[in-house]
Amino acid sequence: MGVTDVLIVGAGPTGLVLACDLARRGAAVRIVDRSPVPPRTSRAKGPNARSLEILDDLGVTEEVLAAGSAPLPMLKYRDRLPVAETDPWADSAPSPDAPYDRGRLIAQWRLEEILRDRLAGYGVRVELGREVTGLAEGPGGRHVDVAFAEGRTERARYVVGCDGAHSSVRKLLGIGFEGTTAEDQVMVCGDVDLADGALDRTRWHQWFDEDGAVMLCPIPGTRTGWWFQAGPERDGRGRPLAPTADGFRRLLARHTGLPGPALTRAELLSTYRVNVRMADRFRAGRVLLAGDAAHVHAVAGGLGMNTGIQDAFNLGWKLGLVLAGHAGPELLDTYEEERLPVAARTLDLTSERLRATLEAIRRPGGGLDAAITPDTTGLGVGYRWSSLARGHAEARTARDGERPAPRPGDRAPDAPCVDAVTGARTRLHRVFAGPGTTVLGFGPGSAAVLREVAAAYGDAGVRTCRVYAAHEDRATSAPGEAVVDDEGHAAAAYGRGASDGTGTGTGTGTSTVVVVRPDHHLGLSAPAADARSVHAYLHRLHGAARSAERFSGIGGRRR
């Protein structure tokens, strides 16, 4: 019986992102889904800013941007009359360290289609109509035997359950999913068509009345398609009724004033109840959980799909290094160490945003914009508490007027710069793109460390990049890539000085080396003189250097 490296159960955005990340690393990955056909539901409204960075790393953001639309202004109504219009992103703009300042509206089925196409480019296709019914540890604990409903059993070195809130994988493992379900907080949802011209498609329309609500957001890429969300109809005892097309038409007429027949189609109808739950653990031996299989929370803020995508991006590189033999299986423990606290914080954040939204809509002019805060972009998520976040006692503190330097565990800032060889415009996240670890060198004193890193770890997926200040002498060459921080944005983002492009603060004495993990989070920041710390960190992720002596000239030794 052949053994697959990783079997992913569930082909939603979480599973597809993980599959793409593993496939580009050369892992033998398979992805199965019990649905007989790809779902057509729109469901989640799109990736947030941090997820767009992840999709950019996977090489699909241009397609996502083309297929979707920018977030829309929200037009709020009371008693069928418009009372307020709000653009939650009016004061937001891209910055050098974060080129995506907001998310993108795109139907979930379209995002999944883009990811499936990307995955197919690696020769991997979703295996539909395959339901997992059993999991058992193989002899010696070296693999997992996976039983399927059709009677077959297959083997995988690792299994990842990305199969949603009702996860079969989680249930088969016996992992608890504690939390609450708010039976009184109910919403009916569906994809609908409205008569052409019935509503302005440049707005997200929101009717909030004392006796109910209707929300209609246009689905990008369609001419007449809309996301429909509403408070449910109720029976004589106040119990919510199941959603129906006719019920949607009655709700439309009651709250919007549009005639019921203006709603010409209603599909994929569902009832949503607020569930706030989290798995007791995200790993059980060779089986892991990600996305809704590991955590569910209130819809406010749109973090459900996005948290799952970010789970996948955290897990993919760790599985890749373990499968390649560079790191031991204990590296996988850092997945739960890092992502479980993020999930717990997300449950709290979304519950708080839901409370704020329910309070806001009691007043005329209140709407879903109350759910949107800087926290919902995902750009501030980091892992400072992680055992993979290594600081240094000599790290420079920010001077007056400077932004604080990012700390190990934080998201690695982006910055526009220039390729030192070709002169073409590029940016740091483009340097980081792909499955490898990146070591950045600031200041002339970093060149020696970069040379040693390239020699010792260049064949193990570690790349180096020297960041030159605009007027810095480039005579001190270093291996790997090199960029010129022509506007000083990289220096400013990484706490290397003000963004004046003068190279101030990049002398040999303050040269710095920064290790950026494959998921674009800082792992280590250290003075260039402390090559030993750089070596120790890379050793944990990528195994022993090709030669320990390569570090002996700059103070390093094998640990």
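Predicted model: local features only at pLDDT ≥ 70, side-chain atom pairs only at ≥ 80, totals over all residues.
Biologist: Hi! Let's begin with the sheet: in what order do the eight strands run?

Modeller: Going across, the order is E4-E3-E10-E11-E12-E9-E13-E16, in an open sheet with mixed pairing.

Biologist: And which strands stand at the edges?

Modeller: Those are E4 (81-86) and E16 (295-296). Each has a single partner strand, so one side of each has no neighbour in the sheet.

Biologist: How do E9 and E12 pair, parallel or antiparallel?

Modeller: Antiparallel, over six bridges. Within E12, Gln229 stands opposite Cys189.

Biologist: Nice. Which strands does H6 touch when it packs on the sheet?

Modeller: H6 touches E9, E10, E11, E12 and E13, and its direction makes about 90 degrees with that of E13. H8 packs on the sheet too, touching E9, E13 and E16. For H8, the angle to the direction of E13 is about 125 degrees.

Biologist: Let's stay with H6. How many residues does it have, and how far does it reach?

Modeller: H6 covers residues 245-256, which makes 12 residues, and it reaches 16 Å from the first C-alpha to the last. That is close to the 16 Å expected at 1.5 Å a residue.

Biologist: Which of its residues are buried?

Modeller: Gly247, Phe248, Leu251, Leu252, His255 and Thr256. They lie on the same side of H6, because they cover an arc of only 140 degrees around the axis. As a rule, an α-helix has 3.6 residues a turn, so residues three or four places apart point the same way.

Biologist: What comes just after H6?

Modeller: Gly257, with a positive phi of about 85 degrees.

Biologist: New topic: where does Asp414 lie?

Modeller: Asp414 is in the loop between helix H8 (333-360) and strand E17 (416-419).

Biologist: Is that aspartate buried or exposed?

Modeller: Asp414 counts as buried, because its relative accessibility is 1% and the cut-off for buried is under 20%.

Biologist: So what does its side chain meet in there?

Modeller: The side chain of Arg427, through a polar contact of 2.9 Å. A polar atom of the Asp414 side chain also lies 3.2 Å from the backbone nitrogen of Leu428. Beyond four places in sequence, the contacts of Asp414 also include Pro96, Asp97, Pro99, His429 and Ala493.

Conventions: Residues numbered from 1 in each chain as written. Heavy atoms only, no water. Helix = DSSP H or I, 4+ residues; strand = E, 2+ residues; numbered from the N terminus. Buried < 20%, exposed > 50% of the residue type's maximum accessible area, 1.4 Å probe, protein only. Polar contact = N/O pair within 3.5 Å; in protein donor to acceptor, adjacent residues only side chain to side chain. Contact = heavy atoms within 4.5 Å. Expected span 1.5 Å × (residues − 1). Arc of directions from axis to C-beta. Pairing = 2+ DSSP bridges. Axes fitted to C-alpha atoms, helices over the stretch in contact; angles between N-to-C directions.
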